[in-house]
Amino acid sequence: QVQLVESGGGLVQAGGSLRLSCAASGRTFSTYAMGWFRQAPGKEREFVAAINWRASSTRYADSVKGRFTISRDNAKNTVSLQMNSLKFEDTAVYYCAADLNYLELRAGVRAEVDYWGKGTLVTVSS
């Protein structure tokens, strides 16, 4: 069993920045690919970013490419999402995700994600 806990959400003005963090425990964190999904009110959960266990590969949704950066620190069992140039459309609950299959995770197949965090809310004002 892997437990994921997100933090760093909050209220930010459009054009601003925010950094989300996800702390993992319970299993060998370094063997998992990690990612972020988000879900706005009334919408389906969507893929945001993913990173493999070696941190040698990343993938981003087109909507956030160039603005968001995913990173991980296996020694600290954490994964982060640096969000810059935030837009109102980025408002959502952001979920940390863990999956042994990186290809599966980067494809954004929600039903196949092994573990989910409970989410952290990001609200962008305009």
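Q: How many bridges join strand β3 to strand β8?
A: This is a predicted model, in which local features need pLDDT of at least 70, side-chain atom pairs count only at pLDDT 80 or more, and totals for chains, interfaces and linings use all residues. Residues are numbered from 1 along each chain as its sequence is written, and side-chain values use heavy atoms, with hydrogens and water left out. Strands are DSSP runs of E with at least two residues, numbered from the N terminus, and two of them pair if DSSP finds at least two bridges between them. β3 (residues 18-25) and β8 (residues 78-83) run antiparallel, and the bridges that join them number six.

Q: In which order do the strands of the open sheet stand?
A: The sheet is open, has four strands and pairs them antiparallel. β1 (3-7) and β7 (68-73) each have a single partner strand, so one side of each is left without a neighbour in the sheet. The order is β1-β3-β8-β7.

Q: By what angle are neighbouring strands of this sheet turned against each other on average?
A: Axes are lines fitted to C-alpha atoms, and angles run from 0 to 180 degrees between N-to-C directions. For this sheet direction is ignored, and the average is 15°.

Q: Which residues form the covered face of β3?
A: In a regular strand the side chains alternate between the two faces of the sheet. The uncovered face of β3 holds R19, S21, A23 and S25. The covered face holds L18, L20, C22 and A24.

Q: Which residue of β8 is the bridge partner of S21?
A: β3 and β8 run antiparallel. L20 stands opposite L81 in β8. For S21, the bridge partner in β8 is S80.

Q: Is S80 buried or exposed?
A: S80 lies in strand β8. Leaving out residues up to four places away in sequence, S80 touches R19, L20, S21, W36, T69, I70 and S71 (contact means heavy atoms within 4.5 Å). Buried means under 20% relative accessible area, exposed over 50%, and partly exposed in between (1.4 Å probe, protein chains only). S80 has a relative accessible area of 9%, so S80 is buried.

Q: Which residue does a disulfide join to C22?
A: A disulfide is counted when two cysteine sulfur atoms lie within 2.5 Å, and a search of the whole structure finds one. Its S to S distance is 2.1 Å, and it joins C22 to C96. C22 is in strand β3 and its partner, 74 residues apart, is in strand β9 (residues 92-99): C96.

Q: What is the hand of the disulfide of C22 and C96?
A: Both C22 and C96 are buried. The torsion about their S-S bond is about -85°, so the disulfide is left-handed.
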